[in-house]
Amino acid sequence: MWDGAAWHASKVSGPAPRYLAALAYDAQHHVYVLFGGQTAKGSSDETWTWDGTTWMAISPAHKPPPRRSAAMAYDPAHQVVVLYGGLIPDQSEGAEASDTWTWDGLDWTLVSEKTKAPGPREGPRMITAGSRVLLFGGRLGNAQYYADAWAWDGKTWSRVDRDPTPPGRANVAATWDPIDSSLFIFGGSGFNSSAGPGALGTPLGDAWSLTGGKWTQVNSSGPGRLAFANAMWDGKKIVVLLGMPCPNPSGDAWGWDGKAWLKLASPGISARYGAASAESPDGKALLFGGSDEPGC
């Protein structure tokens with residue numbers, strides 16, 4: 001847990017270890033909501049909530065299929081948590097989903113089973129952006145990578161950015177910058193031309209900002225090439241932490257103040273990638289899970 005000043009470990013029983021789970025803060029019910037992720041037994045369809053002290057396993061009447069690498073965020077306009085896409089297990093590498101679900105604190109509702117836009121993808125990111133949610137990027141295996149941004153109106157997705165966009169990517173570190181009302185993204189995984197369709201992709205090291213539908217590249221050196229990292233707004237700056245620079249996970253943290261990158265003191269979290277994270281409006285945050293195995 002991030003209390004606004006430092007990270008603190010909470011050693012309590014809860015979800016089994018996992019990586020690439022989806023996590024959001026449900027501001028309507030004042031709890032964090034965790035869904036899915038990859039466990040030792042496979043992809044999960046579990047729903048858990050965290051109230052700051054205790055994990056609670058939820059048994060809703062309806063639920064999305066098991067998956068990993070889905071996107072999820074709280075929608076303030078409709079007071080629900082929105083979940084999109086991810087990789088659903090099948091007989092091979094898994095099938096990219098294009099379904100949209102909402103969580104109202106009691107049950108999951110399937111709003112749209114399939115969409116042509118944004119379309120099927122794994123590894124997109126979704127954030128709460130003021131009074132709405134924004135979805136960015138994702139991929140179809142190590143073949144097609146996206147760099148588009150979409151907004152949800154409660155019924156449909158609409159594209160909100162325009163070309164030129166960043167190079168396509170999945171599994172970026174993404175957060176909302178309230179100072180200039182922009183979507184900030186860093187790194188992620190891009191096309192790996194030397195690997196097959198099941199590869200993780202190549203870590204990227206560039207940063208971009210989306211304001212008013214226009215993308216602007218942040219021209220500054222920073223964390224270096226990094227995929228599957230986490231990002232948050234700490235009240236003063238954007239923080240990018242953890243992730244996979246290849247071949248070993250990182251335990252570092254970097255800050256971006258709008259002008260320059262600064263390497264921060266160690267957050268005290270063991271090196272990992274693919275952790276789930278979410279922020280609450282009061283400046284606190286939760287980070288859960290991840291993998292410490294070497295990759296790429």
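## Terms and overall picture

Two residues are in contact when heavy atoms of theirs lie within 4.5 Å.

The model is predicted. The chain has 28 strands and 0 helices. Its radius of gyration is 17 Å, which agrees with the value near 19 Å that a compact globule of 296 residues would have. Along the principal axes, the C-alpha atoms fill a box of roughly 50 × 40 × 40 Å. Of the 296 residues, 54% count as buried. Among contacts in the chain with a separation of 6 or more, 50% come from residues 24 or more positions apart.

Strands of a sheet pair through backbone hydrogen bonds, in either a parallel or an antiparallel way.

Asp177 has Ser182 in E18 as its bridge partner.

## The hairpin of E23 and E24

Strand E23 (residues 230-233) and strand E24 (residues 238-241) form an antiparallel pair over 4 bridges. The two strands make a hairpin, with 4 residues between them. In the turn, Gly235 has a positive phi of about 100°. Trp233 stands opposite Ile238 in E24.

In a regular strand the side chains alternate between the two faces of the sheet. In E23, Asn230 and Met232 point one way, while Ala231 and Trp233 point the other way. All of these residues are buried.

Arg139 lies in strand E14 (residues 132-140). The relative accessible area of Arg139 is 5%, which is under the 20% limit, so the residue counts as buried.

The side chain of Arg139 takes part in a polar contact with the side chain of Tyr145 at 2.9 Å. The Arg139 side chain also reaches the backbone oxygen of Ala199, at 2.7 Å. Leaving aside neighbours within four places in sequence, the residues in contact with Arg139 include Glu96, Arg121, Glu122, Gln144, Tyr146 and Ala170. Also among them are Gly198, Leu200 and Gly201, as well as Tyr145 and Ala199.

## The disulfide

The structure holds 1 disulfide. Cys246 and Cys296 form the bond, with their sulfur atoms 1.7 Å apart. The pair links distant parts of the chain, 50 residues apart. Cys246 is in the loop between E24 and strand E25 (253-256), whereas Cys296 is in the segment after strand E28 (285-288). The torsion about the S-S bond is about -60°, so the disulfide is left-handed.

The two cysteines fall into separate accessibility classes. Cys246 has 25% relative accessibility and therefore counts as partly exposed, being between the limits of 20% and 50%. Cys296 has 58% relative accessibility, which is over 50%, so Cys296 counts as exposed.

Notes. Residues numbered from 1 in each chain as written. Predicted model: local features only at pLDDT ≥ 70, side-chain atom pairs only at ≥ 80, totals over all residues. Heavy atoms only, no water. Buried < 20%, exposed > 50% of the residue type's maximum accessible area, 1.4 Å probe, protein only. Pairing = 2+ DSSP bridges. Disulfide = S-S within 2.5 Å. Polar contact = N/O pair within 3.5 Å; in protein donor to acceptor, adjacent residues only side chain to side chain. Rg over C-alpha atoms; globule rule 2.2 N^0.38 Å.
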